[in-house]
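Here's a quick briefing for anyone meeting this structure for the first time. Have a look at the model, then read on.

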Amino acid sequence: MNISIEIIGIIATLFVLISFLMKKAELIRIINIVGAVLFVIYGVLINSISTYILNSCLIIIHIIYLVKYLIDKKKK
């Protein structure tokens, strides 16, 4: 496997791991979105349908919850 492709996967993993260290829901979602986008790219590059479908779904879920969180925060 190409080392640059593997580096994308490692960076994606680091973003997801770092998100677990965050306390603010907003920051957790944003960092997870970045990680998931990188995993989608990684999944496409390694031709792993399950990787990019799962992470595409996670991006959508995180965006929905992030928007909901921001709307609720704005109302307060």
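Predicted model: local features only at pLDDT ≥ 70, side-chain atom pairs only at ≥ 80, totals over all residues.

Starting from the N terminus, the elements of the protein run α-α-α. Residues are numbered from 1 along each chain as its sequence is written, and side-chain values use heavy atoms, with hydrogens and water left out.

**Overall picture**

- Taken along the principal axes, the C-alpha atoms fill a box of roughly 50 × 25 × 15 Å.
- Of the 76 residues in the protein, 26% are buried (buried means under 20% relative accessible area, exposed over 50%, and partly exposed in between, with a 1.4 Å probe and protein chains only).
- Look at contacts between residues at least 6 apart in sequence, and 54% of them join residues at least 24 apart; contact means heavy atoms within 4.5 Å.

**H1 against H2**

- Helix H1 covers residues 3-19 and helix H2 residues 25-45; their axes come within 8 Å and cross at roughly 160°. Axes here are lines fitted to C-alpha atoms, for helices over the stretch in contact, and angles run from 0 to 180 degrees between N-to-C directions.
- That angle makes H1 roughly antiparallel to H2 (angles under 35 degrees count as roughly parallel, over 145 as roughly antiparallel, 65 to 115 as roughly perpendicular and the rest as oblique).
- The crossing of H1 and H2 is left-handed, a label used if the near helix is turned anticlockwise from the far one by less than a right angle, with right-handed if clockwise.
- The residues of this H1 and H2 contact divide into 15 nonpolar, five polar and one charged. Ala, Val, Leu, Ile, Met, Phe, Trp, Tyr, Cys and Pro count as nonpolar, Asp, Glu, Lys and Arg as charged, and the others, Gly among them, as polar.

**H2 against H3**

- H2 also packs with helix H3 (residues 49-75) at an angle of about 160°, their axes 8 Å apart.
- So H2 is roughly antiparallel to H3.
- H2 passes H3 in a left-handed crossing.
- By class, the contact of H2 with H3 has 15 nonpolar, six polar and three charged residues.

**The nonpolar core**

- The largest nonpolar core is made of five residues: Ile-5, Ala-12, Leu-38, Phe-39 and Tyr-42. Such a core is a set of buried Ala, Val, Leu, Ile, Met, Phe, Trp, Tyr and Cys residues joined through side-chain atoms within 4.5 Å.
- H1 and H2 each supply at least two residues of this core, and the largest share, three residues, comes from H2.
- Leaving out residues up to four places away in sequence, Ala-12 touches Gly-35, Leu-38 and Phe-39.

**Two residues to look up**

- Asn-32 lies in helix H2 and is buried, with a relative accessible area of 14%. Not counting residues up to four places away in sequence, Asn-32 touches Val-16, Ser-19 and His-62.
- Ser-4 sits in helix H1 and is partly exposed, with a relative accessible area of 40%. Ser-4 and Tyr-42 are 38 residues apart along the chain, and their C-alpha atoms are separated by 10.0 Å.

Definitions and conventions. Helix = DSSP H or I, 4+ residues; strand = E, 2+ residues; numbered from the N terminus.
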